[in-house]
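Take a look at the protein below.

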Amino acid sequence: MKGKSSIEVHNLSVTYQNVPVLWDIDFSLPQGQIIGIVGPNGSGKSTLLKAIMDLVPISSGFVKIMDKSLGLVRDLVAYVPQRESVDWNFPASVEDVVMMGRYKKNKLFNRLTKIDKELVQEAIAKVKLEKYKDRQIAQLSGGQQQRVFIARALAQGADIYIMDEPFVGVDMATEKTILDLLILMKNEGKTIIIVHHDIQTVSNFFDYIVLLNTRLIAHGKTSETLTGENLQATYGGQLNLLTKIQTLIKAKDFPLREEGFEDK
Ligand SMILES: Nc1ncnc2c1ncn2[C@@H]1O[C@H](COP(=O)(O)OP(=O)(O)O)[C@@H](O)[C@H]1O
Ligand SMILES: [Mg+2]
């Protein structure tokens, strides 16, 4: 398994109304790591995930997942969309939403088995929402809503998890819950791909990064790829923040996530 890629993207371009938002993107991602898709707002990150999930038309190129087309491995891939893109007023409880993760593998309207129900409870426990499982999703905080989505993905039992900005609008406690969970998942051999726009936290969160701004700027191990030059190319104008990051990198003052792994 080692060395085999989880997702391959070849010569991918996507245009909206003739304007390219992704241009000739080409990369392959490793398995079993926590991977960040990083770039400023509007750089095409969400579009890239949607193209991988076959949710937007592709102008050119193709995507392979575990060396196959998505249609053949759909159950192995769990997609967690951006929280703001969802209508949270839909009347459903936490448990209802997490159960949807199981329905994918069963026929719609089939009764869930005892095992399905156990997996749902397990997923709810993993994101620490046991106390809220009967609550309507409209009544949850942003961080709780994010965790509901992650629980639904966990219930699906996928091998590859693709999440769009899971750390946006969540409190520190939720951020920690999510991060701890991602590390557990990684230790179980899962591949986790996360869209993220905050460069301050990149070196803490990700083993591997893809730097994106309509074009692919760079991809590789975070320790080798998160350079001032690459950040400059990705974030361009946002100089104040950049200066700060460059200083951090020069001082080698950013903790590498591996340090935390041993005590897990
Ligand atoms: N459905 C759409 N129709 C037209 N333009 C879109 C659509 N979705 C996104 N865009 C545009 O495509 C660009 C990339 O968007 P997106 O992939 O959401 O970026 P990111 O997730 O990096 O913020 C943006 O300029 C955005 O305005
Ligand atoms: Mg986005």
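What follows goes from the overall fold to the core and then to one pair of helices.

This is a predicted model, in which local features need pLDDT of at least 70, side-chain atom pairs count only at pLDDT 80 or more, and totals for chains, interfaces and linings use all residues. Residues are numbered from 1 along each chain as its sequence is written.

The protein chain has 11 helices and nine strands. These are DSSP runs, with helices (H or I) of at least four residues and strands (E) of at least two, numbered from the N terminus. Of the 264 residues, 49% are buried, meaning under 20% relative accessible area with a 1.4 Å probe, protein chains only.

Now go inside. A nonpolar core is a set of buried Ala, Val, Leu, Ile, Met, Phe, Trp, Tyr and Cys residues joined through side-chain atoms within 4.5 Å. The largest one has 47 residues. Val98, Tyr161 and Met163 are among those that touch the most other members. Helix H5 (residues 142-156) gives the most to this core, seven residues. Apart from this core lies another, of 31 residues, including Leu29 and Tyr79.

Which helix does H5 meet? Gly143, Ile150 and Leu154 are among the H5 residues that meet H6, where the partners include Thr174, Leu181 and Met185. H5 and H6 (residues 172-187) pack at an angle of about 15°, with axes 10 Å apart. Axes are lines fitted to C-alpha atoms over the stretch in contact (heavy atoms within 4.5 Å), and angles run from 0 to 180 degrees between N-to-C directions. H5 and H6 are therefore roughly parallel, a label for angles under 35 degrees.

How values were computed
Chains lettered and ligands numbered in written order. Heavy atoms only, no water. Buried < 20%, exposed > 50% of the residue type's maximum accessible area, 1.4 Å probe, protein only. Parallel < 35°, antiparallel > 145°, perpendicular 65-115°, else oblique.
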